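Please read this briefing alongside the coordinates.

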Amino acid sequence: MAVKEGKRIRAAREGIEVTKLYPIQDAVKLIRERAKAKFDETIEISMNLGVDPRHADQMVRGVCNLPNGSGRTVRVAVFARGAKADEAKAAGADIVGAEELFEVVNGGTIEFDRCIATPDMMPLVGRLGKVLGPRGLMPNPKVGTVTMDVKGAVEGAKGGSVEFRVEKAGIVHAGIGKASFDEGKLVENIKAFADAVSRAKPSGAKGTYIQRVAVSSTMGPGVKVDPASVIGG
């Protein structure tokens with residue numbers, strides 16, 4: 001199997017110059033042409049940022065509403081009561097609850113990809129930090145998942161909003177669409193994501209903020225992108 005996989009990867013890398021920085025349109029074209037898996041591969045972006053997230057004033061976090069959606073089916077859980085719980089259900093939330101949902105999640109059953117909570121529920125939800133935190137699922141007002149606008153948050157999550165948070169090495173990455181998307185729609189999504197990361201530039205960032213950008217598909221090689229082609233254009 002290893003030999004077969006090696007041949008496939010080598011073939012996919014043909015025609016890609018390792019050191020070249022491609023304009024985003026060209027990079028997306030190369031990636032889509034090489035997405036040959038039997039499933040609809042996710043197109044991913046990785047951005048190296050000039051920050052050290054160990055310092056609070058260099059943390060980068062936010063949310064981006066992709067103009068063309070992510071192509072993912074996102075399961076949404078909402079912690080809410082009363083009218084807000086009804087609002088969540090009407091907006092298409094998959095799981096809605098309060099104390100009973102707390103018990104399910106606290107027991108280790110997590111059947112959702114995004115967690116939203118109304119502010120009054122946070123004393124309860126906060127107790128789930130050890131369960132939700134490591135999975136990146138803890139609701140946070142900075143990314144719009146602690147909100148009274150339950151309808152907007154659920155619809156955003158279902159419609160293709162993606163959260164991002166810089167990792168220890170200063171890297172932000174996210175899935176921004178599927179290989180089946182038109183090239184133009186993928187480029188729009190990538191530019192929207194890069195713009196959101198750019199606007200999230202922290203006060204403590206020094207020097208060049210967005211240093212390197214690359215795109216890839218789930219099973220394909222990465223292609224380096226000219227950062228200027230994804231920012232402000």
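The points below are grouped by topic, after a note on the model.

This is a predicted model, in which local features need pLDDT of at least 70 and side-chain atom pairs count only at pLDDT 80 or more, while totals for chains, interfaces and linings use all residues. Residues are numbered from 1 along each chain as its sequence is written, and side-chain values use heavy atoms, with hydrogens and water left out.

**The sheet**
- Three strands, in the order 4-3-5, make up an open sheet with parallel pairing; strands are DSSP runs of E of at least two residues, helices are runs of H or I of at least four, both numbered from the N terminus, and two strands pair if DSSP finds at least two bridges between them.
- Strand 4 (95-97) and strand 5 (114-117) each have a single partner strand and stand at the edges, so one side of each is left without a neighbour in the sheet.
- Neighbouring strands are turned against each other by 15° on average, direction ignored, with axes fitted to C-alpha atoms.
- Strand 3 (residues 76-79) is joined to strand 4 by three bridges, and Phe79 stands opposite Gly97 in strand 4.

**The packed helix**
- Helix 7 (residues 150-159) packs on the sheet and touches strand 3 and strand 5, its direction making about 165° with that of strand 3, where angles run from 0 to 180 degrees between N-to-C directions and helix axes are fitted over the stretch in contact.

**The loop residue Thr147**
- Thr147, in the loop between helix 6 (129-132) and helix 7, counts as buried at 17% relative accessibility (buried means under 20% relative accessible area, with a 1.4 Å probe and protein chains only).
- Leaving aside neighbours within four places in sequence, Thr147 is in contact (heavy atoms within 4.5 Å) with Ile116, Ala117, Thr118, Pro119 and Ala153.
- A polar atom of the Thr147 side chain lies 2.8 Å from the backbone nitrogen of Asp149.

Terms used
Buried < 20%, exposed > 50% of the residue type's maximum accessible area, 1.4 Å probe, protein only. Polar contact = N/O pair within 3.5 Å; in protein donor to acceptor, adjacent residues only side chain to side chain.
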